[in-house]
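Reader: I'm new to reading structures. Can we walk through this one together?

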Amino acid sequence: MRLIKDLKITTLAENSVRPRMLGQWGLSFLLDFVDASGDDRKIIFDTGINKQALLHNIKQLKVDLRKTDCVVLSHGHSDHTAATVEVVKAAGGVKVHAHPHTFLPRFLEEKTGKRRRIGVPKRERLEEIEKVGGKVLLTRAPKEIAPGVWTTGQIERVTHFEQALPLSKKERLIIIVDGNEINDQILDDQALWMNVDGFGPFVITGCAHAGPVNTLLHVQRIGNLKQIHGLAGGTHLVGRSDEYLTQTIKELEQFELKLISPCHCTGFKATTTIWQAFPDAFILNYSGRVIEVGKEPDKRVF
Ligand SMILES: [Fe+2]
Ligand SMILES: [Fe+2]
């Protein structure tokens, strides 16, 4: 197993904030670490929904985008993909890793037939990214994007209860694949994982539309792992029923997480439920949060 070191996760964009940061319904992380070959690396995972707010936070946090090694997109929703061109341009043209469904047109359709675009914003599509020097690499398979750091690829869905989104009966998700309109199961949803020296496997999620439990089970399977050390990112538990939350917590217990920092589409109720279930592992997340694996954070909650 190839091990990485000194993993530091900085939340560049998230729904909530600390002073001098701007919030948004979107997600973006910067991952700093020493890869399995001993080289310093910086990866941007997702690029939020509001470019101005993201760039404001990047400036405040004094992040130098020129040092970015690559970008990973967790999936093709607009709240994760709105500043990819800006980041790639600032980085001087880097690889962008994503699933083949990420850049396809997708909509939320109401019962009235009215459709809302929820996919990658117009000016952030594959062609625009390549125009500024980016190299978009699409695959469904897990991929080692830096020595010791892997995408999960398309996540196998094995739990009986997890669903991509809590949709009402009046809505439908649509994606256009090869010219055909099909129900969108958000198959592009993927996470990142790495094994941190001295601590264990760490998983970073975007929205976790495949379900947080499915995501961790998938990482366990492809990495041949027993326990998972940490999880940070969206869980899409917002708007779920009490039964759904209880089931999720029960199933999360099997991974013996030592660090859990849910955010973005987790929602207030699920975030507090996770805090109560895993008080010693929980770290509150917000724009500007820095988590260094192995170091006690400033405060776990405010
Ligand atoms: Fe999403
Ligand atoms: Fe999201």
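Predicted model: local features only at pLDDT ≥ 70, side-chain atom pairs only at ≥ 80, totals over all residues.

Reader: Which residues touch the most other members of the largest nonpolar core?

Author: That core has 25 residues. Strands giving two or more residues to it include β1 (3-13), β2 (28-34) and β14 (200-205). The members with the most contacts inside the core are Leu7, Leu31, Ile43, Val149, Leu192 and Phe202.

Reader: Which residues coordinate the iron ion (ligand 1)?

Author: Look for donor atoms at 2.1 to 2.8 Å from the iron ion (ligand 1). In sequence, the donor residues follow the spacing H-x1-H-x129-C-x1-H. They are His75 (NE2), His77 (ND1), Cys207 (SG) and His209 (NE2).

Reader: Why is the arrangement around the iron ion (ligand 1) irregular?

Author: Four donors count as tetrahedral if all angles lie between 85 and 135 degrees. Here the four donor atoms subtend angles of 88 to 175°, so the arrangement is irregular.

Reader: Is Cys207 buried or exposed?

Author: Cys207 coordinates both the iron ion (ligand 1) and the iron ion (ligand 2), which are 3.5 Å apart. Buried means under 20% relative accessible area. Cys207 has 2%, so Cys207 is buried.

Reader: What is the volume of the largest pocket?

Author: Its lining has 16 residues, with Leu108, Arg116, Ile118, Leu165 and His236 nearest the centre. Both β7 (115-117) and β11 (171-177) give two or more residues to that lining. The volume of the largest pocket is about 400 Å³.

Definitions and conventions:
Residues numbered from 1 in each chain as written. Chains lettered and ligands numbered in written order. Heavy atoms only, no water. Donors = N, O, S within 2.8 Å, 3.2 Å for Na, K, Ca; no water. Tetrahedral: all angles 85-135°; square planar, octahedral: opposite > 155°, others 65-115°. Buried < 20%, exposed > 50% of the residue type's maximum accessible area, 1.4 Å probe, protein only. Core = buried A, V, L, I, M, F, W, Y, C linked by side-chain atoms within 4.5 Å. Helix = DSSP H or I, 4+ residues; strand = E, 2+ residues; numbered from the N terminus. 1 Å grid on protein atoms, 1.4 Å probe; cavity = no way out; pocket = protein on both sides within 12 Å on 5 of 7 lines; lining within 4 Å. Points joined across faces, edges and corners; volume = space filled by probe spheres on them.
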